[in-house]
Amino acid sequence: MTTNPTFGAPHPLGVRSDGTGVNAAVWSETATVVELCLFDDDGNEERIALPERTAHVHHGHVAGIRPGQRYGLRVDGPWNPADGLRHNPAKLLVDPYALAIEGDIAIGPEMTGHEHDDPSVRSEVDSAPMVPKCVVIDEAFDWEGDTPPGIPMNHTVIYEAHVRGLSKTHPDVPAELRGTYAGMAHPAIVNHLLRLGVTAVELLPVHHFLSEGFLDGIGLSNYWGYSTIGFLAPHSAYAATGERGEQVVEFKQLVKALHRAGIEVILDVVYNHTNEGNEQGPTLSLRGIDNAAYYRLPYDDRRRYVDFTGTGNSLNVEHPAALRLVMDSLRYWVTDMHVDGFRFDLATTLARDSHEFDRHAAFFDLVHQDPVVSQVKLIAEPWDVGPGGYQLGSFPPPWSEWNARFRDDVRDFWKGTPGTLAAFAGRFTGSADVFHSAGRRPSASINFITAHDGYTLADLVSYEQKHNEANGEENRDGHSDNRSWNGGVEGPTRIESIIENRRRRSRSMLATLVLSQGVPMVSGGDEIGRTQRGNNNAYCQDNELSWHDWDAVDHDLLAFTQRLIALRKAHPVFRRRRFFEGAPTMGSTLDDIGWFRPDGDPMHPDDWHVGHARALSVFLNGNALGPQGETLERPVGHSFLVLCNAGSDSIGFTVPVGLGGSRWRVVVDTSDPTAIGETVETSDDWKVGAWSLVLLERDEIIPGSS
């Protein structure tokens, strides 16, 4: 038995060890009693009512409790679903400020706060045996002088990765570490990232999440992790060393290892909803603590939930308590866990007022004025499923955004869709039509061809129809509009011409991604040819379908991707800080960019709208760059000519005159890797293969005249 609690302090929220015991603090405006529930290894429970309340924070200090102690919360108060009140002390609750959580959930009727046959009646069935337990931790950790890499946004190359899938099958990672934080920190994985050349990993959700009951029933589980229950706790199933706080240490070791390699860590975070679902869902945490404060409820029917997310609920960031939870979580992951940025899932939801997206929402105000959170990378998924949810280009500086128009327009161009030249040019040059008018930079655009949600690159060129039968929904789930083309055969084939076609288009799309203005994001595994066999919604496939297959690496594609990223990093013209002006700048006598037809003549306005046109070239002036780096020096860089042919036949391109110098060298050819190093003179023709991109580098650097 523990000693009687003292008043303790109302902050920080959560249950924190102080060396003599723990201070427990739980915010709830409507609760009448909050109990700290301690569990031993046999599941025996001791309940301790928090004795004091300050500004809606129930708090107390309990002596003698040590790190490793398992606990939960019980919250009593009004039960009136019609008014949005759902307190039920029979339901053990996860502390929303828990720093570690042990175990998964066992879904059953015990988990709902109401009687199964009457939603208006409070259930008296105890849920404790079915609920994961929070864990008190020792927060001490030796960071050994760790500092953030601090990579400028326009120098960033992102690698979207899944902690489990990245190392799960890697032969050089010890079996007991595969699929864990420790596995990702292993030199075999870190060295792969280093050789690839990426500067940041964007991790699919690592906040503690729970799988949905319907997936358990068909032998599947939530793999992606967009089902958060603990906003400050790293997901315990990704730890090789244990769940009683070891997951926190192991995650910190992962961050430290990546920072030592100069690689930043960006977290994909889910603050738009929680695992509790709609009014039929389980009572696990926020619903039982203060339902009406933490969730958006309809004004005319507070039994139900506003759902802008497609998951059953939406976090109510209009309320100070919910907004504080989000900000406290973000700050904790930066200050205590040393992460370098966040990608916000369905970010539009976080910036809604009672209904519409608000560019001046309180969430933005708090982020921008926060001395910690405002200094890290902030990336929005700029949409949700609510009315007016698609908000690409609407987020304020310094936010960047996943640019779905880049994905769609680049796919369309390399598929050969008519009338796509102008859209392709806009995406290649940083999507100024989307971002420039708001005073933003090209780095506001996070460019991607593929991501976790959808086809892999290999599948994008191999399948025209989704093949999601393994998901248990009779192939109804997942998008049907994929802008994909299989080359003539659905799925695997031995026909060499189709295989070559797919290789070319894969290389051409990768080249477009890496060489475009903006911030490229490579979907993890695309560089080695990873396939999901046509499944474009593998959210529930925690198996070989989703994991990296390190026994089937496409070494040629890997080397090609490494070379592309090295080119981008070596030449500032591919990562400009400002948008092109289409005119001479910075003392150059030539325009900073030029567009040409295959015959070498400049593009005219009518040329952009020729429906059958699928080819063009673009000149990138390496001597028209603004000041770079801390010294503000203006570099005299290399200039390039990019030749793009998205047609089904080879085309001869004439190298335009008047671009300075006379000799160009092939540095990329997506149809003929053996052509690397060959030279071509101004006014000469260079044949570009079908569905191919060629990058020519001007041999001479001519200060002031190029």
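Reader: Hi! Before we look at any sheets, what has to be found for two strands to pair?

Author: Hi! Two strands pair if DSSP finds at least two bridges between them. Keep in mind that this is a predicted model. With that in hand, look at the open sheet of five strands: its order is β4-β3-β7-β13-β10, and the pairing is antiparallel.

Reader: Nice. Which strands stand at the edges there?

Author: Those are β4 (45–49) and β10 (101–102). Each has a single partner strand, so one side of each is left without a neighbour in the sheet.

Reader: How many bridges does β10 have with β13?

Author: Two bridges, in the antiparallel sense, with β13 covering residues 133–135.

Reader: Got it. What is the strand order in the open sheet of four?

Author: That one runs β1-β2-β6-β5, with antiparallel pairing. Its edge strands are β1 (14–17) and β5 (52–54), and each of them pairs on one side only. From one strand to the next, the twist averages 25 degrees.

Reader: How many bridges link β2 and β6?

Author: Seven bridges, again antiparallel, between β2 (residues 21–27) and β6 (residues 57–63). Across that pair, Val-22 stands opposite Val-62 in β6.

Reader: Let's zoom out. How many helices and strands are in the chain?

Author: The chain has 14 helices and 31 strands. Its C-alpha trace spans about 90 × 55 × 55 Å along the principal axes.

Reader: What would the radius of gyration be for a compact globule with 706 residues?

Author: Near 27 Å, and the chain has 27 Å, which agrees.

Reader: Which residues make the contact?

Author: On α7 you have Leu-323, Val-326, Met-327 and Leu-330, and on α8 Ala-362, Phe-363, Leu-366 and Val-367. By class, this contact has eight nonpolar residues, with no polar and no charged ones.

Reader: What about α6 and α7, at what angle do they cross?

Author: Their axes cross at roughly 115 degrees and come within 9 Å; α6 covers residues 286–294. Leu-286, Ala-293 and Tyr-294 of α6 meet Ala-321, Ala-322 and Leu-325 of α7. Here the classes are six nonpolar, no polar and no charged residues.

Reader: Last one: what is the phi of Asn-475?

Author: Asn-475 has a positive phi of about 65 degrees, although it is not a glycine. Asn-475 lies in the loop between α12 (457–460) and α13 (496–515). Arg-533 is not a glycine either, and its phi is positive at about 55 degrees. Look for Arg-533 in the loop between β23 (519–523) and α14 (555–570).

How values were computed. Residues are numbered from 1 along each chain as its sequence is written. This is a predicted model: local features need pLDDT of at least 70, side-chain atom pairs count only at pLDDT 80 or more; totals for chains, interfaces and linings use all residues. Side-chain values use heavy atoms; hydrogens and water are left out. Contact means heavy atoms within 4.5 Å. Ala, Val, Leu, Ile, Met, Phe, Trp, Tyr, Cys and Pro count as nonpolar, Asp, Glu, Lys and Arg as charged, and the others, Gly among them, as polar. The radius of gyration is taken over C-alpha atoms; the globule rule is 2.2 Å times the number of residues to the power 0.38. Axes are lines fitted to C-alpha atoms, for helices over the stretch in contact, and angles run from 0 to 180 degrees between N-to-C directions.
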